[in-house]
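Q: I have a two-chain model open and want to learn to read it feature by feature. Where do we begin?

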Amino acid sequence: MKKVLLTLNVNGREHEFACEPNALLLDALRVDLGLTGSKRACDDSSCGACTVLLDGTPMLSCALLAASCEGQKITTVEGIAEHGSLAAIQKAYGDWGGAQCGFCTPGFMVTVHWLLEQNPNPTEEEIRHALSGNLCRCTGYTQMYQAVKAAIEAEKKGIAHTAERTDA
Amino acid sequence: MIDNFSIIGKPIAMVDAAGKTTGAGKYTDDLTLPGMLIGKILHSPYPHARIKKLDASRALALPGVVAVVIGEDAPNKYGILPVGHDETALAVGKVRYVGDNVACVVAETEGIAEKAMELIDVEYEPLPAYFDPEESMKAEADLIHDEKPHNIEKDYHHVFGEPDAGFAEADEITEGRYIANEVTHAAMEPHSTLASFEIDPQTGNPGRLVVWSSTQVPYYLQHKLSIVLDMPMSQIRVIKPLVGGGFGGKSEVIPLEIIAAVAARKAKAPVKITYTREEVFWAHRGRPRTVVDLKTGVKRDGRITSVAARVVQDGGAYCSYGVVTILYSGALLGALYDIPNIRYDGYRVLTNKPACGAMRGHGTVNVRFAFESQLDELAAKIGMDPAAIRERNLLKAPTITVNGLRVQSYGLPECISQTVTRSKWRERKGKLPRGRGLGIACSHYVSGAANSIIRSDMPHSTVNIKIDRDGGVVVYTGASDIGQGSDTMVAQIVAEVLGCTLARVKVIAADTDLTPIDIGSYSSRVTFMNGNATLRAAEAVKKQIVEAAARRMQCDAGDVLMRGDCVWRKSVRGETAPDANAKSAAMEQSAPTASGRVEGQILRGSVQQKRKEEIVKDQMSFEEAVVAAIDFHGALTGTGSYAPPPEARGGKHKGAGVGPSPAYSYSAQVAEVAVDEETGEVTVLKIWAAHDCGRALNPVSVEGQVIGSVWMGLGQALQEEMVWKDGLLMNPGMLEYRSPSATESPEIECIIVESVDPEGPFGAKEASEGSLAAAIPAIANAIYDAVGVRLRESPFTPERVLAALRAKKVGAKKIDLTESVDPTNPQAFREHGGALWYRGKGPARHASDAAVAHHKGAARGNSSRDSRERPSAGGDD
């Protein structure tokens, strides 16, 4: 298939590149742009490991054509960190064991980031519901809830970026 | 050993956590090399067939296709076990399951490779196929592997103590058949391998091979690659990048790992192969469908007198870890409770399905489901509390069990009492409203196998440490972090021993060129074995630093303490690390010397500093002590290795090599469930899980591992199942396989029990597998408590629960949802499938086997009940 020229706005930066018109956004991100944080894990759009934000809404990048995302703002896991350091949720996932093997983690980061933007003070039920589109095989999710709650607390205290890492 | 640790026992983030949460960490599929090609594997559409013709010329003619690899390109056989070398990279002459590997196309892009696969012409001659192990065992001709008569991979018949006398002594005996259907790891990361040949500097031909792979066992991969490619191991480098979960699915050499290397050789370019999710299901190596015919006898006071088990595992088309799995199933009947007499008959049977292998709780899970369910039945028969009957049968550690397993630390009593207390078992058991129930069960697991797969006296783990003048501590360990946190464990142990901060420690892991040999991440061996090797290496380095520091401080080595990045004289400054002020003064005093002085010359120091250095101190910074040690000893390095002690290596009988471990973890769990009698749906409300991990080196990680394994057990208990139809997997996707999502996952409360093992590093044992098995029977027992039906076939889906409830109702018409029978009394696999073709009778059948009853011409239900009342006759002949 003949390639077409695309311009995608990813994490605030414009990328111009050629790709096949039937290429998935996930493949464009991973292969053409080298943003390998988004993961391919299920092939049937059921696991959420490839979740990105499209104009602020979480979407599965394995179920989108790259060519259909022109003109929209794409945020991948690489764009979640704040001012070059870990966002509260990223630090909390590390501290509370929300990430074990880490393969599903990018999807969770994007989803939780969205959740807390929408609803800075979610109930446990709302957290569960928000996470139910992302699969994890390591954690049983329990420590993820603790991490999300810790991140909310940290955001409230505004100490997310100043707190010392416990392991440093 | 000090009990007052600075880093051990503290909840800390994994050292690689930030790489995972930012997406910066690299997994195999994230890697690319210049000129890299993509490989795609063509799979067999037949469960059992001869390959009559394979013509790839049309595929090769497609622009962008570089090579097509077939079985004849690398016909050497390999397999993870020395006794099970029955696989080839790609099929040679014959395919043995739907999804078997036939050819591999190497092309410039994935799209071209996929197109080319359609252009490969393969002519198959279908052969009779076997899907049910009981049928497969009757096979005389058209065997799956010619050298395995009756398609039996291996059978074992063990007798410990006097089982018959034990049963004669019993007041109550229960017999039953339990079936656990097949499950798979479904790790989030699909397997991926990137293989590349370096240019030979002398000839310009392909020289050394470098492989990046999602593996739990880099050194085994190196070994198998050397067998298949006919290359010396020293010419092969295996690197493990981040691995996205394994659970045993990456604990052996998976076909794509070999195929990628063969393809890179043929295509003369780097080749990457990444499985699709469907291919991951075909690669499988999961937990086999298992039929357990179990018989247990107890005295009226609850003491177990004897256990007899006949276990048949549906192993799939290749050996894989099968011989080990079937041995674990029998061996780990011991070491949990005090059982004086055991008879075990295990059959590992080949069928035309993807190979089963090692999965979390390897070999023990399905038998534990049967045993703990039956113990519950016996408790009800003798009118004993299910928690009390477990407490009645505790081991008296330290001890050696009847089947030769050495138990030293034994936290099971506390696990039981903790879960009973936390769940308010005594107050609530039997008093919940109908439809709500509580169930208890226990399990255990090895902390690494005491005997490695390849029998030898070599250490199971070796670790090197190097410290340079910059004060950076570099640890070289072969331990493979697959998400369980072994890199963090290694860093913690080193930092604790050397009394330095965690930030100083850099872990280089799992690279066969750089790191000394470690046999891999499986059988929960890493913390115990690699941890011990790390501990020894760190102590070797510490000894050198302490000696040099003592010399500098003009004191005895015994007077030197290292902690909090400080080295000081105990007799002058006391036991605790110098306080912050004193430390900063010490830093000030010593800072210039950290720049480093090499023998015979001063690098950045000055004569003035040198003089300063000569002042006798009573405290030094870590860097200063390191520099002193390097000046005194030369290079500052240390090595430690670990091999399990001979006393832990088990008995002498055939198959005694599997089961022994230097230490066992213990778990007790209480599950609370709600059962909807209208829909049959079981909801697990909460699980209390107490796990004896010896010592929790990192409590966050231990909790994560325990909760993760209980959760995986819950998946197997309620919804996960591989459904087969004539050898074709009906649910090869995450959606259909039904891995539990956040909304289906209950609260799991983890209670850490620390028995402090005498041989574990700081007393630690395993934490990642032992809790899985108990979850399934705990839930089964809770269902019984809730609605009074005993489910003997997992998973306990709404269909099975409904069928069981219905079967209990007087006069209700039986519903035959599938070919299955009543799930409270299962006789055959749910999807029977059967052999397309068989002759002869096969080996002795168990008396309660439906097929035996059928041959006798009696009605199925009646005869099986009859046979149940007879003492177990068949099995061991």
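A: With a hairpin. Keep in mind that this is a predicted model. In chain B, strand β22 (residues 560-563) joins β23(B) through four bridges, and the two strands run antiparallel.

Q: How many residues lie between β22(B) and β23(B)?

A: The hairpin has two residues between its strands. Look at B:Gly564 in the turn: its phi is positive, about 55°. For a bridge to find on screen, take B:Met562, whose partner in β23(B) is B:Val567.

Q: Which strand pairs with β23(B) over three bridges?

A: That is strand β26 (residues 619-621) of chain B, and the pairing is antiparallel. Here B:Trp568 has B:Gln619 of β26(B) as its bridge partner.

Q: How do I read the side chains of a strand?

A: In a regular strand, side chains alternate between the two faces of the sheet. Now the case here. In strand β23 (residues 566-569) of chain B, B:Cys566 and B:Trp568 point one way. B:Val567 and B:Arg569 point the other way. All four are buried, B:Arg569 included.

Q: Now helices. What should I check in α10(B)?

A: Check its length first. Helix α10 (residues 365-382) of chain B has 18 residues, so at 1.5 Å a residue it should span 26 Å. Its end C-alpha atoms are 26 Å apart, which agrees.

Q: Is α10(B) mostly covered or mostly open?

A: Mostly covered: 14 of its 18 residues are buried. After the helix comes B:Gly383, with a positive phi near 70°.

Q: How do I read two helices that pack together?

A: Start with the angle and the axis distance. Helix α15 (residues 526-553) and helix α19 (residues 622-633), both of chain B, pack at about 95° with axes 8 Å apart. An angle from 65 to 115 degrees counts as roughly perpendicular, so α15(B) is roughly perpendicular to α19(B).

Q: Which residues make the contact of α15(B) with α19(B)?

A: From α15(B), they include B:Ile545, B:Ala548 and B:Arg552. From α19(B), they include B:Val626, B:Ala629 and B:Phe632. By type, the contact residues divide into eight nonpolar, two polar and two charged.

Q: And how do I read the interface between the chains?

A: Interface size is often given as the accessible area lost when the parts come together. Here, count residues instead. In this model, 45 residues of chain A are in contact with 49 of chain B. On the chain A side, α2(A) gives the most, with four residues. That side divides into 20 nonpolar, 17 polar and eight charged residues.

Terms used:
Residues numbered from 1 in each chain as written. Chains lettered and ligands numbered in written order. Predicted model: local features only at pLDDT ≥ 70, side-chain atom pairs only at ≥ 80, totals over all residues. Contact = placed C-beta atoms within 7 Å. Nonpolar A, V, L, I, M, F, W, Y, C, P; charged D, E, K, R; others polar. Buried ≥ 20, exposed ≤ 12 C-beta atoms within 10 Å, placed from the backbone. Pairing = 2+ DSSP bridges. Axes fitted to C-alpha atoms, helices over the stretch in contact; angles between N-to-C directions. Parallel < 35°, antiparallel > 145°, perpendicular 65-115°, else oblique. Expected span 1.5 Å × (residues − 1).
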